[in-house]
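User: I would like to go through some of the labels used for this model and see what each one rests on. Please set the values against the cut-offs.

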Amino acid sequence: MSTIIADNPRREETARPWWPRLEHIPAAARPFILPVLLLILWELLSHAGVANPVFFPTLEQIVERGIKEAEEGNLIGNFLASLQRDLLGFIAGSAIGTALGLVIGFSRLLRRLLGPILLVHRQIALFAWVPLISMWFGGGETGKLVFIALAAFQPALVNSWQGVANIPRSYRELSEVLTYGWFDYVAMIAIPGALPSVFTGLHSALIYAWTATVGAELLLNIAPGLGGRMNEGQQLFHMDLLFLCLFLLGLVGVLFNLLAAALERRLVRWRIQ
Amino acid sequence: ETLLRIGYPGTGLDDRPFGYGDYIAIGHVKQLVEAEFKDQPDVKVTWTFFRGAGPALNESLAAGQLDFAAGLGDLPAIVGRSRGLATEFLASAGSHDPLYLAVPPNSSIHSVEDLRDHKVAQFRGTNLQIATDRVLEAHGLSEKNIRFVSLDSNAATAALVSGNVDASFGGSEYLDLAKHGVVKIIYSTKNDNPTLGRNSGLYVTADFEKAHPDYTAKVVEAFVKAAHFGADEANRQDVFEIWAKSGLPAESFATDFKDERLAHRLSPVVDDYIVARYKDQAERAKAYGLIKKDVDIDSWFNTKYLKQALTDQKLEHYWPTFDAKGQKLTDGEVEQTRAATN
Amino acid sequence: MTIHAVITGSQAIAAETLAIDHVSKEFDVAGQRVRALADINLTVAEGEFVSIVGASGCGKSTLLRLILGLDTHYQGEIRVEGRRVECPGLDRSIVFQEHRLLPWLSVEANVAAALRKSPLGASQKRALVAEHLELVGLDQFAKAYPAQLSGGMAQRVAIARALVTRPKFLLLDEPLGALDALTRLRLQDELRRIVRQEGATAILVTHDVDEAVYLGDRVVIMHPHPGRIATILPVKGASHDRSDPSFIRLRDEVLSWLGVPRAGGASVEIREKAAKQTASLN
Amino acid sequence: MTIHAVITGSQAIAAETLAIDHVSKEFDVAGQRVRALADINLTVAEGEFVSIVGASGCGKSTLLRLILGLDTHYQGEIRVEGRRVECPGLDRSIVFQEHRLLPWLSVEANVAAALRKSPLGASQKRALVAEHLELVGLDQFAKAYPAQLSGGMAQRVAIARALVTRPKFLLLDEPLGALDALTRLRLQDELRRIVRQEGATAILVTHDVDEAVYLGDRVVIMHPHPGRIATILPVKGASHDRSDPSFIRLRDEVLSWLGVPRAGGASVEIREKAAKQTASLN
Amino acid sequence: MSWLHADAPHGHIGAPAESAGRKGNIGRNIGPAAGAVGLGLIVPLALLAAWTLSALADWLPEQILPPPWVVYDTLRDGIQDGSLLSSTVTSLRRVAEGFAAGALAGLTLGVLIGLSKTLRQFVDPLFLALSQVPTLGWLPIMVLFVGLDESLKVVVIGWSAFIPVVLNTAQGVREVPQAYAELGRVLSFSPWSKLTTIVLPSAVPSIFTGLREGLANSWQTLVAVELIASFEGLGYLMAYGRQLFQLELVLAAMIVVGAIGLLIHGSLTLIEHRLQRWQSEIKR
Ligand SMILES: Nc1ncnc2c1ncn2[C@@H]1O[C@H](COP(=O)(O)OP(=O)(O)OP(=O)(O)O)[C@@H](O)[C@H]1O
Ligand SMILES: Nc1ncnc2c1ncn2[C@@H]1O[C@H](COP(=O)(O)OP(=O)(O)OP(=O)(O)O)[C@@H](O)[C@H]1O
Ligand SMILES: [Mg+2]
Ligand SMILES: [Mg+2]
Ligand SMILES: O=S(=O)([O-])[O-]
């Protein structure tokens, strides 16, 4: 299903627009058109000096800076430090979140006890925890990890909880008919049934943790990491560095997405028709 | 193994882990504390530099992640104490530290009075805050007349340069920029009332002091050595070079200290001036609503280690002392030293 | 192949294996007690195939749930071989209308899931699963996932799962209701063959009168509000040929018990029903 | 009420209103061209009711889509009153198997949606909608949402929607397939009544042979791979009584054209089909 | 108070685009159950009791956890002297502006790329790549580009709302069931009729997921931006409390943030219920 509105071929022929027909550009080229146009525009602007050169480094400058940073190994080191911090926080937060979510999903009592407070907890914007966390755990590594873990915790919790809660009731009946015990139900039905949702949660948690990593590095005390470098870029007006950092941040986001998708496809094979 | 964790409120340019402007930074670069423990391999000294300055350092103190706060400004220290952070004031780490008011070169702001209704960067919660408030007060203004944006020193510099704020109070960071014409300094406390400057101190946590009085003594010894080195006019250029590790050029320190002896600021001595300054700050902090409880200053000061170190190093009369109003009480031996001619 | 043909009356004491004895069941619906079943009496003989037809909501599924032991809050008694039913057991299996295969298990694993609680050894279980997949003609699909099957195939897997434990009782709750008419015709034949082959006692709930007559030894007709047995019609050994006049006659009899006239003109009745529903809606 | 009874042969030129002329249709499936329809020829007379039966995948729905004009890529020609079909038009309506009511519109609004393009005034439209809701016996449910209706009621709304434009052609793609057997029996009668009352020409696709015979003037039997017309059986004025022997005979004939034996023993065939499916699966 | 029940969570918390879809309302119909709220009060009350007890017994130093009554006093004072209120208003205004801008732009782009496969092929890759950069990552560069003022907040908040709105709207529009699209053709609908009668209503759940996520993001981003650079607003209040070691101020601001979050959550749920009456009225 591509276009619902403009699906009448004859209509398109009658109204011939003055702009180049997008349909004539081959599909394979389409994804690259906008980025390439953007880069060309960038080059033109930065070279023509229309934009303030302080704010608009040329692409060559960015590449040069990238090469220099790569040679020094500096940016890579910061990048890896961020990544490590991110993953540690993610693992801790999502593990606790998923476990708690599953347990709450199973237990009606726990659900009722903890549900409201978790709901309220979720309404407190993540970054509002920064002052409290830095006060309780310090602005160092511990504080950052706690913050990242907190970011990963919520989506992992909510989705695994929902995963269990949304297992069709009819499956519970089935398990009764098959004379399953509690353990059988969990192993055969609850866990695999909740898995897709758990994955959704982990995927969000991954994204949230990455955001929180950047936030932690910007808002809590300096430490090796991309956040510090971005600060540096901002304060010294090193736009080339800033753009490099943005690129790395985006790259990780894309990689996480691909990874999560691939993993999900492998582990939840049965969903594919 | 004992960890001896020292925190420093500030960073150099682009967040590099170096301080400037005080003898603590000298002790750090010359590794004087580490030297003190070189026979004790089980004692490890760590340094943490806080971009968020005093307030961030306080957080680490509260979380039990630091033993020494070296160079912590007066206001954050007082705030911490008012909230029950158990610290002891060991020595003064800096006083008479001037404030500069920087504006963009083409700014229409020519005096403190002109700041009214402008957007000004201020690093809230640091010793800049009350110092700034006092400057404003002296010029008939108050915090309410000004739109303050809380930014750390590095961010404030960037914001000023990029025109995001109209003015900024700060320290020697602005001198180099002024030299290059990027900003213009329109006011300094240097020739104003001598009580207007900023102060900072060397603190130890009460827990650490109780558990390790011997180590505490050694740390004080080390920093007194640093102060001794830093106060000596013969080392003037060396001191500036050491501070230049922070990324600020040595010349800007020369400008900062123009017509001023190093010992004027780089003194560990706790004299009437210091005691009076802290008492005054505590009162003002309360008056401005920055703290809610009274802070008892006298019981906070624990100068026995300092006295011991001064005695040990025969420096009891090395630094000059000042009275509560900032007038010199006694001359110090240090005033005999002369800058090396080169 | 006519072990069941001997029992035709509604009360065959000799080989009686399931007895539903004055069973009534009430539900709390929005604070009100609603009678879902009223004084149900039915005995089923070993190997017998009983069809149950009745309008929607007349309590057919509820009755099956009670027989399964999924719900034990009712008046009266349900006995299997003389012993009161207390909880689900592997002697009673069910095929639901919507196959209820676990989508994350392969066909094979779905069938094997029913054997999880069985004391058999792994290899025996494997053999049983394979045997039953063959029985329903799906041995080639052992590794497939439910999502890859057509509706009819999935329903056959569900039947294999219900039979793999070699239950005494096979309860079928509209097992073919979701399938298209042609597939349904085919599966009816399969169902009959399989049930015979396994020698199980079967109770089939259906909406399709042809199906009830075609498969059942007896047809139980239920009426709603409250759910009760209106009558029980014996199919007799007679004709299981859909075109045979005796079959047609029986079917028409069942239909008329259900209030369906022989041809045309149902609209008045529907009008009435619609009007009633309006009342309950607003 | 027998305007349609005059036409019984497969080619009645006089009142011919729909002509399907050597129509073939191919699909690209995974790079391969698959024939869905091969040389279909069929003419339908005004007011006629044609049933189409055939196994799943034999192209019944595809044929209806072509008649509707939803798809114009095919060989051959489809003419409505002599003019080639180019696009959907309000002269042809369809009732889908799954009612396809828009869940966010009330019953009334769903029916009215079909009148969007009609040149009538608002009050006329309202009258038409009310009239057709009454026709299907749902005037009391005008304000209800589809989710509040039973399957049978929803399907009746869909029929009302299809009829409200007073189309010449009513295409019915398994309109009752999703309903339970009893509801289906009732709706068949209604459908017949309504179509007669509106005087539309109807083409009914169904899996249910009884239904095809019961409702149709002619029954078109299709075979798959590729989809083609195997034969066309005239129902004649004969019997629309399901229990009448002539009805049964015709039904059995249709069934045997579809490869369903009179009783039992379909399993061999199913086995074959399953094996074929495996091959296409792996 | 039906939106307060916690028997089933919403799935919208940052659910990645692929899975967001119709998820938002799955669990909502799991009944609120009368006793749920009562039971749910046990834990918060217990926490409050522990907090009070700890303050009374001096278990935790005051700088780690100020006593509840101090927080209460701070809240009360803040309300009385208007400082808390004006901060709240400032923050709400920023969120409203940023979110409105981001959501409007997001809806437009989302509908466009949802409708046109061609457009989608052009825009999607660039958009997806850009959306992978955490919002806060843009902050340093945005500070340089647009300064520290209100426009910074609107831009960053807007951007953070924009992303999920685009993703979910496009998905909702794209995934209009084929069956309904076909119906539109059969009924010879005009493009406008198709859009208003079929496409948009069918995309409503998805759009709502996007709006919900966008609003949550806006709120998150607001706090972050205010923490980093501002001189008013709730985030600023927190930063101020942090700088001056006044945890009670931080906690008071957090309470307000949470309460507003809850309010937003509740009103969105209500609106969604209303807009989808046809779904919630399933009572048979
Ligand atoms: N758990 C329950 N709580 C309340 N009422 C129930 C429950 N289960 C069934 N009922 C009611 O009991 C009556 C019988 O329901 P049941 O599902 O057994 O009918 P049925 O004959 O199987 O209908 P159908 O043919 O539609 O499946 C209905 O009125 C139904 O609403
Ligand atoms: N859009 C399509 N693309 C590719 N193949 C299609 C498409 N639509 C239908 N087909 C194929 O064409 C053949 C006929 O399909 P169609 O839906 O018309 O069958 P049918 O007779 O309606 O079946 P059923 O009874 O299951 O509805 C099938 O093999 C189907 O896979
Ligand atoms: Mg039932
Ligand atoms: Mg079809
Ligand atoms: O310690 S200070 O924050 O005042 O530098």
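User: How much area do chain A and chain B bury between them?

Analyst: The model is a predicted one. In it, chain A and chain B bury about 1,400 Å² between them, and carbon and sulfur atoms account for 54% of that area. On the side of chain A, A:Asn221, A:Ile222 and A:Gln235 lose the most area to chain B; together they make up 40% of what that side buries.

User: Which number of residues does each chain bring to the contact?

Analyst: Chain A brings 21 residues and chain B brings 20 residues. A contact here means heavy atoms within 4.5 Å.

User: Why is C:Cys58 called buried?

Analyst: Buried requires under 20% relative accessible area. C:Cys58 has 0% relative accessibility, so C:Cys58 counts as buried. D:Cys58 also has 0% and therefore counts as buried.

User: What makes S1 and S4 of chain C a pair of strands?

Analyst: Pairing needs at least two bridges. Strand S1 (residues 16-29) and strand S4 (residues 75-80) of chain C share 5 bridges in the antiparallel sense, so by that cut-off they pair. At one position, C:Asp21 stands opposite C:Glu77 of S4(C).

User: How many bridges join S4(C) to S5(C), and what lies between these strands?

Analyst: S4(C) and strand S5 (residues 83-84) of chain C are joined by 2 bridges and run antiparallel. At least two are needed, so S4(C) and S5(C) count as paired. C:Val80 stands opposite C:Arg83 in S5(C). The two strands form a hairpin with 2 residues between them, and C:Glu81 in the turn has a positive phi of about 50°.

User: Which residues of chain E does UniProt list as "transmembrane region", and how much helix do the spans 95-115 and 127-148 have?

Analyst: The unreviewed UniProt entry lists residues 30-51, 95-115, 127-148 and 249-271 of chain E under that name. In the model, residues 95-115 are 100% helix and 0% strand, with end C-alpha atoms 29 Å apart. Residues 127-148 are 77% helix and 0% strand, and their end C-alpha atoms are 25 Å apart.

Notes. Residues numbered from 1 in each chain as written. Chains lettered and ligands numbered in written order. Predicted model: local features only at pLDDT ≥ 70, side-chain atom pairs only at ≥ 80, totals over all residues. Heavy atoms only, no water. Buried < 20%, exposed > 50% of the residue type's maximum accessible area, 1.4 Å probe, protein only. Helix = DSSP H or I, 4+ residues; strand = E, 2+ residues; numbered from the N terminus. UniProt positions renumbered as here; feature names shortened; annotations may be inferred. Buried area = accessible area lost by both parts, 1.4 Å probe.
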